[in-house]
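I opened this notebook to keep track of what I looked up, in the order in which I wanted to understand the fold. The entries run from the whole assembly down to single residues.

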Number of protein chains: 2
Amino acid sequence: MNVSFIGSGNLAWHLAPALDNTAYRVIEVYSRNRHHAKALVGRLYQADVKDSLDFSTSLSRIFIIAVSDDAIVEVSQEIVLPEDGILLHTSGSQPLEVLTYSGASRQGVFYPLQTFTKSKKVDFQDIPFFIESEDDDTRKVVLAMAKSVSRKVYTISPDQRKALHIAAVFASNFTNHMLAISRDITRDNKLDFEWLKPLIAETINKSLTLAPDEAQTGPAKRGDLEILDRHLEFLQSDETIAEIYRVISQHIVDRYSS
Amino acid sequence: MNVSFIGSGNLAWHLAPALDNTAYRVIEVYSRNRHHAKALVGRLYQADVKDSLDFSTSLSRIFIIAVSDDAIVEVSQEIVLPEDGILLHTSGSQPLEVLTYSGASRQGVFYPLQTFTKSKKVDFQDIPFFIESEDDDTRKVVLAMAKSVSRKVYTISPDQRKALHIAAVFASNFTNHMLAISRDITRDNKLDFEWLKPLIAETINKSLTLAPDEAQTGPAKRGDLEILDRHLEFLQSDETIAEIYRVISQHIVDRYSS
């Protein structure tokens, strides 16, 4: 079955070749940046660079929008599909309905939960894919495609996908931001962030092996208000950081004292 | 050189045998819980269980307090040391001065930056140790002992240790708490926390390999206020979680937009 990609970013960079290695054939790549499209085509068996979003005469059946979240609406407004073409987006945060602009008769979500980097090889087998579609036949087609690259494919509801994306924001974006703040503190106090890396690795390892609640330690967990006060005093030069410290610590204190 | 341990928790469980494998000999273990002391003694070459904190006739030179932070003062008030005994605590958060209660002539901090679990083997070689002492000779003795088990030994100031501990709270306790909240969200929405684990592992891996700022993604990083609003609406049933979402997201928005 033929597939076309709209977008040539980090996700398309890995997903298109992965599909190309199964029963699917990626035959077209469109990107606002033609150079990027060309580079991705170079990773595929028989694909061509597509210069416009007019796919009305395309031999593809499946069209995968793999662009940044804020560009999906624009693509959906511009794209022209062949009759019966299936239009998919790959976003965790955008509702299925953003695809309605396209007038495509069949629409769905094809969301791999992972962060991608061009330079880093990806094994899709262990990456969970989440499928959403209001149309049974479309869902079957998309499920089959997802299962061709991953062992972990799930159909979820729109509300579940929203919850999953919020859970991912806490688990990925916010954990990473805690590391960014930690790094700032080391830098501002002439300490080396390297020193924290074994602790970070072991904490995450423990948290994922046991469970976050069992891996929790520290002054807030112990309810040590004296140390929390001392830390807040230390952080007072930056109100926002102090506020972040305060709300998270309070939440930990409440969670483990009750 | 002979060493005595006060405490038989997760840290002592690993540190005492590690020292025992070098030129140091752990000869006594005291613990409020005699069973725990006995279990730790079983991991050592020639140690005895000590039944009181009166070490006045001890053959040890170094006394390591490895108890929970809130018990250090109490131990320091009760302990009796031989003349010239060196008293150390292993805490990141307690000032050196809490040891003053002991009247020990030589005091220091011997702080390994890691989280320990009894069931999990530890390689101290890569764990950074932070040494603090007001007395040059004591510092030399403690530095030598730390270097016997770790390749990463640093002398730091009291203010630096405080900053390091706060950085560790963000990097370890708070990242772990983000995972706890994430897990709650999956549970409350009939999702499986397992699905997030590849994303979490990859995010931390990227953050530690590149840098947290380069690894950041998500709606707040992109300044996508529409999605942030939708997420806040979703989270409104729990005011504290919504507040945590709001302050961290705002901080990310400000950081990457300026």
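This is a predicted model: local features need pLDDT of at least 70, side-chain atom pairs count only at pLDDT 80 or more; totals for chains, interfaces and linings use all residues.

**Entry 1: chain A as a whole.** I counted 10 helices and eight strands in chain A, and I recorded that its C-alpha trace spans about 70 × 40 × 30 Å along the principal axes. Of its 258 residues, 49% count as buried. Looking at the contacts in chain A with a separation of 6 or more, I found that 52% of them are accounted for by residues 24 or more positions apart.

**Entry 2: the sheet of chain B.** Which order do the eight strands follow? In chain B they form an open sheet in the order β3-β2-β1-β4-β5-β6-β7-β8, with mixed pairing. β3 (48-50) and β8 (153-155) of chain B stand at the edges with a single partner strand each, so one side of each is left without a neighbour in the sheet. Neighbouring strands of this sheet are turned against each other by 25° on average, direction ignored.

I reminded myself that strands of a sheet pair through backbone hydrogen bonds, either parallel or antiparallel. I then looked up two of the pairings. Strand β1 (residues 2-6) of chain B pairs with β2(B) in the parallel sense over five bridges, and within this pairing Ile6(B) has Tyr30(B) as its bridge partner in β2(B). I also noted that β2(B) is mostly covered, since five of its six residues are buried. Strand β5 (residues 86-89) and strand β6 (residues 106-112) of chain B likewise pair in the parallel sense, here over four bridges, and Ile86(B) finds its bridge partner in Arg106(B) of β6(B).

**Entry 3: helices on the sheet.** Helix α2 (residues 34-41) of chain B packs on the sheet and touches β2 (25-30) and β3 of chain B, its direction making about 155° with that of β3(B). Helix α5 (residues 158-188) of chain B lies across β6 and β7 (129-132) of chain B and runs at about 150° to β7(B).

**Entry 4: where the chains meet.** I found 71 residues of chain B in contact with 71 residues of chain A. On the side of chain B that touches chain A, the elements giving two or more residues are α5, α6 (197-209), α7 (212-215), α8, α9 and α10 (239-257) of chain B, and the largest share, 24 residues, comes from α5(B). By kind, the residues of that side divide into 36 nonpolar, 21 polar and 14 charged. Because 100% of the interface residues of chain B are also interface residues in chain A, the copies meet through the same surface.

**Entry 5: the nonpolar core.** In soluble globular proteins, nonpolar side chains tend to be buried together. Here the largest nonpolar core has 157 residues, and those with the most contacts inside it include Ile64(A), Leu88(A), Ile64(B) and Leu88(B).

**Entry 6: loop residues.** Asp84(A) has a positive phi of about 70° although it is not a glycine, and it sits in the loop between α3 (72-78) and β5 (86-89) of chain A. Buried or exposed? With 9 other C-beta atoms within 10 Å, Asp84(A) is exposed. In the other copy, phi of Asp84(B) is near 75°, also positive, and Asp84(B) counts as exposed with 9 C-beta neighbours inside 10 Å.

Lastly I turned to Gly223(B), in the loop between α8 (219-222) and α9 (225-234) of chain B. Gly223(B) counts as partly exposed because it has 14 C-beta neighbours inside 10 Å. Beyond its neighbours within four places in sequence, Gly223(B) is in contact with Val253(B) and Ser257(B). Gln250(B) is 27 residues from Gly223(B) in sequence, and 9.2 Å from it in space, C-alpha to C-alpha.

Technical notes
Residues are numbered from 1 along each chain as its sequence is written. Chains are lettered from A and ligands numbered from 1 in the order in which they are written. Two residues are in contact if their C-beta atoms, placed from the backbone, lie within 7 Å. A residue is buried if 20 or more other C-beta atoms lie within 10 Å of its own, exposed if 12 or fewer, and partly exposed in between; C-beta atoms are placed from the backbone. Two strands pair if DSSP finds at least two bridges between them. Axes are lines fitted to C-alpha atoms, for helices over the stretch in contact, and angles run from 0 to 180 degrees between N-to-C directions. Ala, Val, Leu, Ile, Met, Phe, Trp, Tyr, Cys and Pro count as nonpolar, Asp, Glu, Lys and Arg as charged, and the others, Gly among them, as polar. A nonpolar core is a set of buried Ala, Val, Leu, Ile, Met, Phe, Trp, Tyr and Cys residues joined through C-beta atoms within 7 Å.
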